[in-house]
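Thanks for asking for a second pair of eyes on this one.

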Amino acid sequence: MSQKQIGLFFCMISLVVIFSACSPSGGESPGHEYMPDMFHSTAYEANLLDYYQYNTWGSKEDYIKYALPRKPVEGTIARGAAGLGRSDMGDLAEHFQSMPVSGSVPYYYGDTDEERTRAMAEILSNPLPITEDGLQQGQELYDIFCGICHGPAGGGLGYLVRDDGGLYPAQPANLLLPEFVAASEGRYYHAIMHGKNVMGGYSDKMGYEERWNVIHYIRSLQAEELKLKYDENENTLNNVGVPYGTIAHDNHAMPGEDHGGEDHDETNHSHDEGHGHDNDEGHH
Ligand code: HEC
């Protein structure tokens, strides 16, 4: 053998030794790998298929099973997606928690006529109370997203369809018509979520509360047209929107009223309010 042949021979021997030194993991042994070393995780990684035969604990099928996305635990609510409205409602949060959330987030109605009809029949109330802040937010958003077509007052005469050179080809709905005053909340919510015909959807432009506040604002425009009230203190337009003021009255003033006959003194009154809160009559 020449020196070159001997060199080659040892080279091959050492290669064989190196490669046979690799071994699979199992039991107490993490396994051996020549180069990749920590490249492959021995742990199961969520949502990542990281199978490598020499450095794994289970079969490839196990790894695929763990790599697949899994469903959240039943009843899980995504952050910010609870049907309950404002976190700053304090005591009132409890009141609204007990109300069925109509058209909850996520929205379970598809973009078809049948689903629109179903939404109109099933979504009957606005989950948020009517508040001054809410109406203000509704107005802001309405003016940005809706008023350009439906008009600042809701009459369907927005900037885009104006007589002198409006370029929009279709007539936006006149939301002040009796048909729309009588329409259920679902008709509005569905229109915002999916649009209708040439009107596009606005679900990606507004959040859950914002949509409902826009609907409150549209109701307030209808009330204005009919010389009725739809605000934080009073709603004479429909029996669906709940004015914030009337709930605050239920929760705070009513218990005091229960004792009104006995206590005329201001300090006694506030003292007794604590008992009033325990009294279920104070809550509706
Ligand atoms: C680019 C113009 C345009 C904008 C912006 C727009 N709409 Fe519309 N909207 C229309 C048109 C056009 C129709 C009539 C669709 C039809 O009946 O074919 C309509 C219809 C409606 C209807 C009636 C749907 C029904 O069931 O008949 C509602 C409610 C509505 N829009 C609410 C809104 C709200 C709320 C916004 C803002 C978030 C908004 N629209 C923004 C053009 C617009």
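The points below go from the overall fold to single residues.

1. A word on the source before anything else: this is a predicted model, so please read each point as a description of that model. The protein comes to ten helices and zero strands, and along the sequence its pattern reads α-α-α-α-α-α-α-α-α-α. Of the 284 residues in the protein, 21% are buried. Looking at contacts between residues at least 6 apart in sequence, 48% join residues at least 24 apart.

2. The helix pair I would look at to begin with is helix 5 (residues 132–150) with helix 8 (residues 208–225). Their axes lie 7 Å apart and the packing angle is about 90 degrees. An angle from 65 to 115 degrees counts as roughly perpendicular, and helix 5 and helix 8 are therefore described that way relative to each other. On the helix 5 side, the contact is made by Gly134, Leu135, Gln137, Gly138, Gln139, Leu141, Tyr142 and Cys146; on the helix 8 side, by Glu210, Asn213, Val214, His216, Tyr217, Ile218 and Ser220. By class, this contact of helix 5 with helix 8 has seven nonpolar, seven polar and one charged residues.

3. Next, the nonpolar core. The largest one has 27 residues, and Tyr189, Ile192, Val214 and Ile218 have the most contacts inside it. Helix 5, helix 7 and helix 8 each supply at least two residues of this core, with helix 8 giving the most, eight residues. For background, nonpolar side chains tend to be buried together in soluble globular proteins.

4. How many residues of helix 7 are buried? The count is ten of ten, so helix 7 is mostly covered by the burial criterion of 20 or more other C-beta atoms within 10 Å. The buried residues run through Glu185, Gly186, Arg187, Tyr188, Tyr189, His190, Ala191, Ile192, Met193 and His194. What covers them includes helix 4 (113–122) and helix 8.

5. His194 deserves a separate look within helix 7. His194 counts as buried because 20 C-beta neighbours lie inside 10 Å. The C-alpha atoms of His194 and Gly110 are separated by 8.0 Å, although the two residues are 84 apart along the chain. Leaving aside neighbours within four places in sequence, His194 is in contact with Asp111 and Gly201.

6. Now the ligand. Its shell holds 20 residues, and the closest are Cys146, Cys149, Ala191, Asn197 and Met199. By class, the shell around the ligand divides into 16 nonpolar, two polar and two charged residues. Which helix gives the largest share of this shell? Helix 5 does, with five residues. Helix 5 and helix 7 (185–194) each supply at least two residues of the shell.

7. Just after helix 7, Gly195 takes a positive phi of about 70 degrees. Asn197, in the loop between helix 7 and helix 8, has a phi near 45 degrees, a positive value in a residue other than glycine. Is Asn197 buried or exposed? Asn197 is exposed, because 6 other C-beta atoms lie within 10 Å and the cut-off for exposed is 12 or fewer. Lys227 sits in the loop between helix 8 and helix 9 (244–258), and its phi is near 55 degrees, again positive in a residue other than glycine. Lys227 is exposed too, with 7 other C-beta atoms within 10 Å.

8. Finally, Ala223, which is in helix 8. With 20 C-beta neighbours inside 10 Å, Ala223 counts as buried. Its C-alpha atom is separated by 5.8 Å from that of Leu237, 14 residues apart along the chain. Apart from neighbours within four places in sequence, Ala223 is in contact with Leu228, Lys229, Tyr230 and Leu237.

Key: Residues are numbered from 1 along each chain as its sequence is written. This is a predicted model: local features need pLDDT of at least 70, side-chain atom pairs count only at pLDDT 80 or more; totals for chains, interfaces and linings use all residues. Axes are lines fitted to C-alpha atoms, for helices over the stretch in contact, and angles run from 0 to 180 degrees between N-to-C directions. Helices (H or I, at least four residues) and strands (E, at least two) are DSSP runs, numbered from the N terminus. Angles under 35 degrees count as roughly parallel, over 145 as roughly antiparallel, 65 to 115 as roughly perpendicular and the rest as oblique. Two residues are in contact if their C-beta atoms, placed from the backbone, lie within 7 Å. Ala, Val, Leu, Ile, Met, Phe, Trp, Tyr, Cys and Pro count as nonpolar, Asp, Glu, Lys and Arg as charged, and the others, Gly among them, as polar. A residue is near a molecule or strand if its C-beta atom, placed from the backbone, lies within 6 Å of it. A nonpolar core is a set of buried Ala, Val, Leu, Ile, Met, Phe, Trp, Tyr and Cys residues joined through C-beta atoms within 7 Å.
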